[in-house]
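I opened this notebook to record what I looked up in one chain, entry by entry.

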Amino acid sequence: ARLVDRSSGEAAHEAVVVLNDSAISYGASTLTLRGSDVVLDGILGTGTYVQFRDMIAEHPGVDRVVFGNVGGTIHRQINFHTGRLIRAAGLDTHVPANGRAVSGGADLFIAGVERTVETGGVIGIHASCCFGGVSADELPADDPTHARSITYAREMMGEQGEPFYRRQVEASP
């Protein structure tokens with residue numbers, strides 16, 4: 001790319017833009033404080049991790065994450081780190097009657113110390129994609145690719161973690 005001086009119209013500098021994984025996987029999430037709740041909305045990514053890190057440091061009175069309309073994540077491994085932040089801060093998670101925690105949102109939901117869902121609230125699960133172009137539901141059950149997701153689910157849910165992950169894989173491609 002060429003940077004142009006608008007006053008003269010001449011090329012002033014050559015420029016190269018490099019986007020790394022964190023920029024590409026930033027997401028589009030918002031956190032909105034409501035008393036001791038923080039309402040999470042949007043697509044999850046690196047930005048969500050930064051938002052939670054800062055919110056936890058700046059608002060120690062927050063004790064629950066409420067899911068508004070939370071879609072998937074652009075980067076599942078970063079999402080797991082966000083979940084670990086939620087757990088380490090001792091936050092509960094809640095999906096209200098009009099709330100949605102789907103895909104990567106479900107991974108964050110299980111990070112809550114106490115997890116609640118109102119009637120009508122949605123938790124949507126599916127197999128992860130893609131590992132070398134192969135969806136998790138297409139991999140053998142003993143494939144080591146499942147290890148990170150199983151480890152995270154066990155950290156959050158104890159002995160119920162692995163069955164929960166296996167249900168995600170079986171739910172839909």
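**Notebook: helix packing and a few residues**

I began with a crossing: α2 passes α3 in a left-handed crossing, where left-handed means that the near helix is turned anticlockwise from the far one by less than a right angle, and right-handed that it is turned clockwise. I note at the outset that this is a predicted model, in which local features need pLDDT of at least 70 and side-chain atom pairs count only at pLDDT 80 or more, while totals for chains, interfaces and linings use all residues. Residues are numbered from 1 along each chain as its sequence is written, and side-chain values use heavy atoms, with hydrogens and water left out.

**Entry 1: the whole chain**

I looked up the overall make-up and found 6 helices and 9 strands in the chain; these are DSSP runs numbered from the N terminus, helices being H or I with at least four residues and strands E with at least two. Of the 173 residues in the chain, 37% are buried, where buried means under 20% relative accessible area, exposed means over 50%, and partly exposed lies in between, with a 1.4 Å probe and protein chains only. The chain exposes about 9,400 Å², and carbon and sulfur atoms supply 52% of that area, as computed by the Shrake-Rupley method with a 1.4 Å probe. I also looked at contacts, which means heavy atoms within 4.5 Å: among those between residues at least 6 apart in sequence, 58% join residues at least 24 apart.

**Entry 2: α2 and α3**

Two packed helices are described by the angle between their axes and the distance between the axes. For helix α2 (residues 46–58) and helix α3 (residues 76–88) I noted an angle of about 15° and axes 8 Å apart; axes are lines fitted to C-alpha atoms, for helices over the stretch in contact, and angles run from 0 to 180 degrees between N-to-C directions. The two helices are therefore roughly parallel to each other, given that angles under 35 degrees count as roughly parallel, over 145 as roughly antiparallel, 65 to 115 as roughly perpendicular and the rest as oblique. On the α2 side the contact is made by Thr46, Thr48, Tyr49, Phe52, Arg53 and Ile56, and on the α3 side by Ile78, His81, Thr82, Leu85 and Ile86. I sorted these residues of the contact of α2 with α3 into 6 nonpolar, 4 polar and 1 charged, where Ala, Val, Leu, Ile, Met, Phe, Trp, Tyr, Cys and Pro count as nonpolar, Asp, Glu, Lys and Arg as charged, and the others, Gly among them, as polar.

**Entry 3: α3 and α5**

I turned next to α3 and helix α5 (residues 147–157), which pack at an angle of about 15° with their axes 11 Å apart. That makes α3 roughly parallel to α5, and their crossing is left-handed. From α3 the contact takes Arg76, Gln77, Phe80, Gly83, Arg84 and Arg87, and from α5 it takes Arg148, Ser149, Tyr152, Glu155 and Met156. The residues of this contact of α3 with α5 divide into 3 nonpolar, 3 polar and 5 charged.

**Entry 4: α5 and α6**

For α5 and helix α6 (residues 161–171) I found an angle of about 130°, with axes 7 Å apart, and α5 and α6 are therefore oblique to each other. α5 passes α6 in a right-handed crossing.

Gly161 has its place in helix α6, and I noted that Gly161 is buried, with a relative accessible area of 0%. Not counting residues up to four places away in sequence, Gly161 touches Ala153 and Arg154.

I looked up Asn79, which lies in helix α3 and counts as buried at 2% relative accessibility. Leaving aside neighbours within four places in sequence, Asn79 is in contact with Leu44, Thr73, Gly104, Asp107 and Leu108.

His94 is in strand β6 (residues 92–95) and, at 7% relative accessibility, counts as buried.
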